[in-house]
Amino acid sequence: MHSLKALSILNQSLRLAGALVVVLLIPMFLGGCASGFSNFLKGKQEHKASMLRDKRMTEKQLDDLSNAYADRFYTLMLSASERVMRDNMDLQQCRIMNGLRLLSVSSMYDIATSRDTVTQLVNQLVVVTLDNYFWVDSGRAQLIWGDRAKYLVENLRKAREDIWGIAAKAFTDEQLEEIDLSISTWWLKAGGTEFASYVRFDDIAGNRGRALIDQVRGGAGLLAPLDRATEQIQSANQALERSFFWAKRVPLFANWQIEALWYDILAMPDSRRVLENIDNLSQAPALMSKRMNLVTDTVAQARDSAKDLVDQIFRKALILMGALFLGAFIVARWGFSAKK
Amino acid sequence: MKSMKLRSLIFPTLVFALIFGVNAPCSADTLDAAFLTNSSPSNPTSSNLAAGGTPSPSVPVTSIEPTPGSKLSEALKQLAKANEGTVEELARLVAMFPTYSLSESACNGSLRIIGSDSLGPLLVRAVGSYKGIHPDAVIEVSQRGSMKGLDALQSGNCEMATVSRDLSVAEIARIEEATGKRVFTVPIALGAVCVYVNADNPIKGLSKAQCNGIFSIVHSMTADPIIRWKQLDPASPISSAAVLLYIEKKLSGTLRLFNDWCMQGEGFTTINLFIEPGPSSVVNACCAYPSAIGVAGFALRQPRARAVPLSEGFGKPFVEPTIATIRNGAYPMRQRMNIVLLAPSEEKIPGIARDLLRFLLSQDGQEMVVKNGLIPTDPATIPAFLRTH
């Protein structure tokens with residue numbers, strides 16, 4: 001009986017001790033959890049802060065985006081122009097479209113390979129926005145290409161959406177608004193007639209524009225600020241990258257330049273007279289063949305002239321180099337023998 | 001001695017040969033590039049890298065213009081002349097304003113102007129010209145929106161606020177009570193909020209209720225939301241297309257006025273809604289997409305975007321936004337651009353503020369108003385204290 005009582009007391013004591021342990025452990029556990037949770041929160045906050053820090057785009061990232069955008073613009077213009085020019089027998093339409101794609105794409109790459117990244121971005125923004133004003137908003141595209149204009153209009157609009165999207169990563173809403181206002185005010189002031197591919201932000205915003213770019217470079221926008229030393233190292237590295245970038249892209253649209261030459265020749269009064277005299281529909285195949293012959297001849301002539309020109313220059317240079325080295329050799333020998 | 005002289009010639013000769021030797025192929029490259037680009041060797045594509053990445057302003061010879069004398073060339077010339085009638089009409093309005101004469105009172109001092117984004121470019125340009133006449137004047141212009149301008153005026157952080165709407169009686173009373181000064185509102189230009197569609201969209205006009213049905217999430221004025229063009233015009237060639245809405249990013253004075261007119265505080269719908277970075281982008285979308293519709297200021301009108309005539313209600317006439325209908329108040333969403341300032345009385349308005357306002361309401365100032373796409377205000381609204389000096 002006693003032993004039973006003793007066991008029951010022992011059992012109760014053990015329960016009590018267990019309860020005590022549980023009571024003591026719960027706060028400890030909760031404390032641990034709390035501290036763990038607070039550590040977790042702290043970690044999360046730090047992670048969030050680091051993400052925010054990471055969100056500020058670096059100049060290198062912006063440079064890459066700017067280059068990628070130039071390629072994207074090339075693709076959009078290529079696609080639009082191919083669709084406008086495909087099976088298009090209107091010489092004027094093809095000539096103007098070819099000129100447009102050549103000027104706007106070369107301008108875009110010209111900007112993408114320029115020195116300062118922020119200026120690059122803002123210049124791309126200006127050119128594409130003004131291209132939209134000139135071709136889309138004014139109705140010029142519809143007037144020139146009629147129904148075919150929709151391809152160019154859609155792609156120029158897409159180009160505009162893309163560049164403003166990229167700009168939103170580097171500029172604040174207020175800064176973007178200021179740029180937008182500067183562009184629209186300039187366009188209004190210019191009378192809404194100027195072809196825009198070679199207009200730059202500096203032309204439209206002047207000192208205010210330069211101040212804005214300096215602000216963004218200094219970290220007032222969404223771009224990570226750069227110190228002077230880092231900037232110099234980066235600009236030296238980027239110069240080489242840009243030259244490679246440019247060299248790789250030139251062949252993409254070099255043939256457009258040749259086409260521009262054909263179209264310019266075909267648009268000359270003499271060529272036009274030849275083409276316009278053939279007004280009979282039955283002579284259409286002959287017209288085509290003449291046009292093709294004219295083009296082929298022009299290309300052949302152009303190639304020959306280029307080849308001759310390069311050959312001549314190299315020949316002259318080699319002769320001159322040879323003569324100079326010979327002269328130098330003779331003088332050196334003469335000097336050596338005189339010393340002897 | 002003679003041999004020494006001859007030897008001293010070797011180095012310069014070699015240097016000369018090297019320079020010339022390197023330069024010859026370079027010039028060939030340049031000529032070749034010039035040939036390829038059909039332009040002078042200094043065209044931007046070839047000069048850019050050589051000049052350390054500075055873009056060159058020269059343009060390749062290739063033209064984007066049609067051959068002179070062609071039908072297309074004449075048509076483009078007509079397109080460029082299309083707005084000449086408007087220019088003449090505006091020039092007549094500007095001529096009705098007094099010419100600016102130099103004030104006898106001191107015009108040097110400082111002035112801070114904060115407020116409307118719509119008025120920002122005009123103010124910046126006008127202040128630039130004013131400083132040309134009065135080099136000692138120190139004037140700062142800051143664009144932060146009409147509301148922030150009024151707040152800054154009330155708290156004494158600026159001397160003038162630009163507001164792209166009329167102040168309500170309650171607003172005037174609140175500011176006067178808080179500052180103990182009188183509020184002076186001077187209208188300097190007129191504008192309007194327009195609803196733009198593509199130029200090929202044949203819709204004749206929109207009523208207030210239809211605008212509510214298109215833009216409001218609650219569409220309190222129509223039974224159903226308007227999401228297709230056939231709900232507005234069954235005969236439209238784009239009847240089956242969805243109505244694509246374009247508005248600018250932030251609730252600007254323009255959008256606020258539109259909201260007050262047809263939505264009465266209701267939010268914008270989210271169906272087919274596209275948020276644009278600025279008002280010019282809204283108009284551009286309307287120029288580019290046949291089924292687009294957007295809200296932007298009158299100043300941003302473009303040939304490929306048509307500002308739709310609006311009517312106050314069912315059975316009421318549609319009013320097209322023109323210079324005449326905006327000036328006479330017939331167009332429903334007219335915007336009056338005001339400069340607001342505080343002073344204990346008319347006589348105590350600072351000389352520089354008074355003189356700048358006189359400049360803005362002169363022929364020079366109103367010419368700038370026109371150049372910024374706005375419409376000159378009515379000369380009859382020039383306050384008496386600005387007529388004499």
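**A guided tour of chain B**

Begin by selecting strand β3 together with strand β11 (residues 334–343) of chain B: the two run antiparallel and are joined by four bridges. The model on display is a predicted one.

With β3(B) it forms a parallel pairing over three bridges.

Now show the side chains of β3(B) itself, residues 160–163.

Proceed to helix α7 (residues 169–179) of chain B and select Glu171(B), which lies within it. This residue has 17 C-beta neighbours inside 10 Å and therefore counts as partly exposed. Select Leu150(B) as well: it is 21 residues from Glu171(B) along the chain, and the C-alpha atoms of the two are separated by 9.2 Å.

The following stop is helix α8 of chain B, residues 208–215. Why may this helix be described as largely enclosed by the rest of the structure? Six of its eight residues are buried, so the description applies. To see them, select Gln210(B), Cys211(B), Asn212(B), Gly213(B), Ile214(B) and Phe215(B). Then display the elements against which these buried residues pack, all in chain B: the strands β4 (182–198), β5 (206–207), β6 (244–248) and β8 (292–297), and the helix α9 (253–263).

From there, turn to Tyr196(B). What does it contact, once its neighbours within four places in sequence are left aside? The partners are Val283(B), Cys286(B), Ile293(B), Gly294(B), Ala296(B), Ala305(B), Arg306(B) and Ala307(B). Tyr196(B) also belongs to the largest nonpolar core, which has 160 residues. Select Leu152(A), Val195(B), Cys286(B) and Ile293(B) beside it; together with Tyr196(B), these are the members that touch the most others in that core.

Finally, return to a view of the whole of chain B. The chain contains 14 helices and twelve strands. Of its 389 residues, 41% count as buried. Among contacts between residues at least 6 apart in sequence, 71% join residues at least 24 apart.

Key. Residues numbered from 1 in each chain as written. Chains lettered and ligands numbered in written order. Predicted model: local features only at pLDDT ≥ 70, side-chain atom pairs only at ≥ 80, totals over all residues. Buried ≥ 20, exposed ≤ 12 C-beta atoms within 10 Å, placed from the backbone. Contact = placed C-beta atoms within 7 Å. Core = buried A, V, L, I, M, F, W, Y, C linked by C-beta atoms within 7 Å. Pairing = 2+ DSSP bridges.
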